[in-house]
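Subject: Structure handover

Hello,

Here is the structure I promised to pass on. My notes on it follow below.

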Amino acid sequence: MIHAAAAEGVHRVEDAYTNWYVIEDGGALTVVDTGHPRSWRSLQELLQRLGRDAGSIEAVVLTHAHFDHMGFAERARKELGVPVYAHERELPVTKHPWRYDHERSRIPYMLRHPGFDRAFFAMAAMGALWVKGLSQTLVYSDGQELDVPGRPRVVFTPGHTYGHCALFLADRGVLLAGDALVTYNPYRGSSGPQIVSGAATADSAQALASLDSLAALDAHVVLTGHGEPWTRGIAAAVEHARAAGPS
């Protein structure tokens with residue numbers, strides 16, 4: 001499902017409970033995260049809607065490399081010839097998107113939360129079980145302003161993964177939070193700002209601590225890896241996520 005102009009110059013695509021984004025800057029585009037393998041079709045649909053072609057895409061930037069955010073990253077790198085960026089500490093996961101540390105087993109969530117089963121099967125139908133890792137990745141670092149369309153600033157937010165980062169569009173007041181916090185938790189089927197459950201988070205205590213780095217930003221719109229956009233400012237989102245705590 002395509003949501004054009006979810007924020008100023010940022011388009012949201014939601015495929016099987018997972019969001020990915022396209023930043024528009026003049027005639028050039030940056031893709032942030034890449035959903036599932038079959039999200040490639042959604043990319044073509046969005047380009048057509050925008051009146052652009054694939055040549056407008058200059059980069060792919062990953063907030064993190066879990067299987068549900070890596071969908072067409074390698075395909076874009078190979079077929080479109082665009083660089084794919086991630087944090088240095090995320091490189092092991094970019095190579096193997098299904099191999100990542102998490103605090104808790106997925107099984108209790110499968111048994112207790114029907115929403116998790118719905119999300120997982122929807123992701124599988126979008127090809128998530130066969131996602132490919134990256135063979136080449138360009139590394140970014142905390143605080144770096146990336147030389148890609150939109151010029152997002154990297155905000156290091158470890159916890160969900162050890163190399164997780166959010167991306168801040170300072171001139172637009174827009175934060176692409178990735179899974180540093182979300183407004184829908186697929187593991188519990190719960191809505192509202194929160195960190196992702198321990199079944200997919202490496203260190204929940206660290207994830208909560210990383211919210212400090214986000215709270216200080218002047219971001220009015222928060223776009224997350226799962227769930228609807230949050231338009232009440234990052235400080236309020238962080239407050240809600242802290243109150244919700246780990247799960």
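Start at the hairpin of strand 3 and strand 4. Two residues lie between its strands, and G26 there takes a positive phi near 65°. Strands here are DSSP E runs of at least two residues, helices are H or I runs of at least four, and both are numbered from the N terminus.

Before going further, the basis. This is a predicted model: local features need pLDDT of at least 70, side-chain atom pairs count only at pLDDT 80 or more, and totals for chains, interfaces and linings use all residues. Residues are numbered from 1 along each chain as its sequence is written, and side-chain values use heavy atoms, with hydrogens and water left out.

Strand 3 and strand 4 run antiparallel, joined by five bridges. Strands pair if DSSP finds at least two bridges between them. Y21 is set opposite V32 of strand 4.

Strand 4 covers residues 28–32. Five of its five residues are buried, so the rest of the structure largely encloses it. Buried means under 20% relative accessible area, exposed means over 50%, and partly exposed lies in between (1.4 Å probe, protein chains only). In a regular strand, side chains alternate between the two faces of the sheet. In strand 4, A28, T30 and V32 point one way, while L29 and V31 point the other way. All of these are buried.

Next comes strand 5. Strand 4 pairs with strand 5 in the parallel sense, over four bridges. L29 has I57 as its bridge partner in strand 5. V31 has V60 there. Strand 5 spans residues 57–61; four of its five residues are buried, so strand 5 too is largely enclosed by the rest of the structure.

What do strand 4, helix 1 and strand 5 make together? They make a right-handed β-α-β unit, with helix 1 at residues 39–50. Right-handed means that, with the strands pointing away from the viewer, the path from the first strand over the helix to the second runs clockwise.

Strand 5 also runs parallel to strand 6 (residues 84–87), with two bridges joining them. V61 is opposite Y85 of strand 6.

**L176**

L176 sits in strand 10, residues 174–178. L176 counts as buried, at 1% relative accessibility. A166 is 10 residues away along the chain, and the C-alpha atoms of A166 and L176 are 5.8 Å apart. Which residues does L176 contact, leaving aside neighbours within four places in sequence? They are V10, Y21, V32, T63, A166, L167, L169 and L223. Contact means heavy atoms within 4.5 Å.

**Aromatic rings**

The structure holds seven aromatic pairs. Rings of Phe, Tyr and Trp (its six-membered ring) pair if their centres lie within 6.5 Å; planes under 30 degrees apart count as stacked, over 60 as edge-to-face and the rest as tilted.

One of the pairs is Y17 with Y184. Their ring centres are 6.0 Å apart and their planes are at 25°, so this pair is stacked. Y17 lies in the loop between strand 2 (10–15) and strand 3 (18–25), and Y184 in strand 11 (residues 182–185), so the pair ties together parts 167 residues apart in sequence. Y17 is partly exposed, at 27% relative accessible area. Y184 is buried, at 16%.

F120 and F121 form an edge-to-face pair, with 6.0 Å centre to centre and 75° between the planes. F120 is partly exposed at 24% relative accessibility. F121 is exposed, with a relative accessible area of 58%. F116, F120, F121 and Y187 form one aromatic cluster.

**The whole chain**

The protein chain has seven helices and 13 strands. Its radius of gyration is 16 Å, close to the 18 Å that the globule rule gives for 247 residues, so the chain is as compact as a globular protein of that length. The radius is taken over C-alpha atoms, and the rule is 2.2 Å times the number of residues to the power 0.38. The C-alpha trace spans about 45 × 40 × 30 Å along its principal axes.

Of the 247 residues, 57% count as buried. Among contacts between residues at least 6 apart in sequence, 66% join residues at least 24 apart.

Best wishes
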